[in-house]
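Here's a quick briefing on a predicted model. Have the sequence and the 3D view handy as you read.

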Amino acid sequence: TADVPAKQAKQQSAPPTPPRPPDHSEYTPLPIGGNHYLSKIHEVNYNLCLANAACPERTKRLTRCWKRVDPRTMKAMEEQGMESFVCSEEREAVERCVGLSVQRVMKDILG
């Protein structure tokens with residue numbers, strides 16, 4: 001029974017436990033580089049979701065085009081700084097459509 005007060009005193013002087021990390025999907029214990037790539041993935045997923053909602057047919061055409069591109073061809077074009085030419089017509093069609101959708105929303109908001 002003499003040990004009980006000693007245990008209580010020891011528990012009271014123990015340093016506080018650090019808080020748990022937040023339960024958010026954005027939180028990750030990855031290093032900075034890994035978090036950078038993860039944020040890029042989230043950005044691409046957001047843009048794809050937006051494009052699918054605003055311009056589903058054009059986005060389907062763009063996705064079909066990307067799936068047809070041989071990975072070796074894509075890598076070669078990327079190495080030459082020409083990746084913007086891959087499916088450029090389809091990509092630009094989606095960009096125009098999404099841009100017009102955002103423009104309409106802004107006009108509705110601002111009057």
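The largest pocket has 16 lining residues, and those nearest its centre are Val-44, Asn-47, Leu-62, Trp-66 and Arg-91. A pocket here is an open set of points on a 1 Å grid over the protein atoms alone, where a 1.4 Å probe fits, with protein on both sides within 12 Å along at least five of seven lines; lining residues have an atom within 4 Å of a point. In this predicted model, local features need pLDDT of at least 70 and side-chain atom pairs pLDDT 80 or more, while totals for chains, interfaces and linings use all residues. Numbering runs from 1 along each chain as its sequence is written, and side-chain values use heavy atoms, without hydrogens and water.

**Pocket lining**
- α2 (32–54), α3 (56–68) and α5 (88–110) each put at least two residues into the lining; helices are DSSP runs (H or I, at least four residues), numbered from the N terminus.
- α2 brings the largest share, 7 residues.

**Helix α5**
- Its 23 residues span 32 Å from first C-alpha to last, close to the 33 Å expected at 1.5 Å a residue (1.5 Å times one less than the number of residues).
- Ala-93, Val-94, Cys-97, Val-98 and Ser-101 of α5 are buried (under 20% relative accessible area, 1.4 Å probe, protein chains only).

**Contacts of Val-94**
- Leaving aside neighbours within four places in sequence, Val-94 is in contact with Ala-51, Cys-55, Arg-58, Thr-59 and Leu-62 (heavy atoms within 4.5 Å).

Methods
Buried < 20%, exposed > 50% of the residue type's maximum accessible area, 1.4 Å probe, protein only.
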